[in-house]
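Keep the view open as you read.

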Amino acid sequence: MVAKRVAGTSPRRGGSSVGTLELAKASQRRKKVPVSREYVGIDLHRRRSVIVRKNADGELLSKTRIVNEPAELVRAVEAAGPEPEVVLEATFGWYWAADLLAEMGAHVHLAHPLGNNWGNRRVKNDERDANDLVDLLRLGRLAEAWIAPPEVRELRELVRYRAKLVRLRSALKAQVHAVMGKHGVLPTRVDMFGPGGNAQLDALDLPAGYAWRLKSLRELIGVYDKEVARLDKTIAAHMRNHRGYRAIQAIDGVGPVLGAVMVAEIGDVTRFASADRLCSWAGLTPKHRESDTKVRRGSISKQGSRLLRWAAVEAASKNHAGGDFKAFYRRVAERRGRNVAKIAAARKLLTLVFYGLRDGEIRCLAGPARG
């Protein structure tokens, strides 16, 4: 608990300080809402949802179970009057509900699934979940997630779909290597899907079943290549006029693909007060457990955008051979090992990304940003 000494008290010389303690003021003040405004908690699911409505004093006004249709949701929330405070959890398919509620004038809050402590409850059902959500919001104890605007969500959809396609393509390529391994064929190229590698695959003489599978895999890989190339063009068109996107590509290791991932996953960078907050949100900072005189710091939390964390580590890994991160990486690696150095370099890189997206330039880097 953070506390401060009241004015007029002072520690005794040569002894422990004794005085009256008072709670420090909260750094962020919760916005004032009219006392008459109602609060709505929605436990959103795929097919049905439970909606609980309360007043500012916590009195239960209504409890409704609806089928997930826009008209049903609007009808249930309209009973709360104009501009109600509405909370729903960041769970499956929340986009449509949040947009619909915002259009009807509600103040929408998105509950963070990991940030709210539900405790050990003997009864767990939809009504209890909706009731707890509305109480957390009403009492000002709700841990909220950022509601990305529609344009950011659309960019995320493209970037995340591209990453999914690349993972599926990598699995297909692994199957090609598996077929080769079953017949003792070693790859003669690092990239078996370039000109030299394709020539080796064309020359393979395999039994009919294996040959059929190999041909099918190569055709599927070609389809994925075309889809990924189409996505790259679409994403580039979305990012054409993004100043921060061009700025962060001045960092060695950050190209068009990783840059797009960072822009899409971070969204509005001004929602972070500092670069440290961004690194914490990305899950690149250590876990911290403190109680009384005991302090434990563990491995990185890995709570946040997995794709952003991967992009930061990938970009920092490309920097090990040179650039601004070479000396930093080697210095940390000598003291703490390569794994720790890799995360430290990723955190340093993400700090530069923060300033690049915020200011549209990275002043500590020499040379103009690449377009």
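Start with R358, D359, E361 and R363, which are linked in a network of salt bridges. A salt bridge here is a side-chain nitrogen of Lys or Arg within 4 Å of a carboxyl oxygen of Asp or Glu. Side chains of opposite charge can pair when their charged atoms come close. By this rule the count comes to 19 salt bridges.

A word on the basis. This is a predicted model, in which local features need pLDDT of at least 70 and side-chain atom pairs count only at pLDDT 80 or more, while totals for chains, interfaces and linings use all residues. Residues are numbered from 1 along each chain as its sequence is written, and side-chain values use heavy atoms, with hydrogens and water left out.

Now take the pairs one by one. R37 forms a salt bridge with E83, with the closest N and O atoms 3.2 Å apart. R37 sits in the loop between β2 (21-23) and β3 (39-43), and E83 in the loop between α1 (70-78) and β6 (85-89), so the pair ties together parts that are 46 residues apart in sequence. Helices (H or I, at least four residues) and strands (E, at least two) are DSSP runs, numbered from the N terminus. R37 counts as buried because its relative accessibility is 12%. E83, at 40%, counts as partly exposed. Buried means under 20% relative accessible area, exposed over 50%, and partly exposed in between (1.4 Å probe, protein chains only).

R160 and E265 also meet in a salt bridge, at 2.9 Å from N to O. R160 lies in helix α4 and E265 in helix α8, so this pair ties together parts that are 105 residues apart in sequence. E265 is buried, with a relative accessible area of 2%, whereas R160 is partly exposed at 37%.

Next, the interior. A nonpolar core is a set of buried Ala, Val, Leu, Ile, Met, Phe, Trp, Tyr and Cys residues joined through side-chain atoms within 4.5 Å. The largest one has 54 residues, of which I251, M262, L284, L350 and V353 touch the most other members. Its largest share, 11 residues, comes from α12. Apart from this core lies another, of 19 residues, among them I42, L44, V86 and A98.

Finish on the surface. R331, R335, R336 and K348 gather there in a patch of positive charge. Patch residues have over 30% relative accessible area and no salt bridge, with like charges joined within 9 Å and nonpolar side chains (Val, Leu, Ile, Met, Phe, Trp, Tyr) within 5 Å. Helix α11 (residues 326-336) gives the largest share of the patch, 3 residues.

Note on methods:
Areas by Shrake-Rupley, 256 points an atom, 1.4 Å probe, with all protein chains shown as cover. Lys, Arg positive; Asp, Glu negative; His and termini not counted. Charge placed at Lys NZ, Arg CZ, Asp CG, Glu CD.
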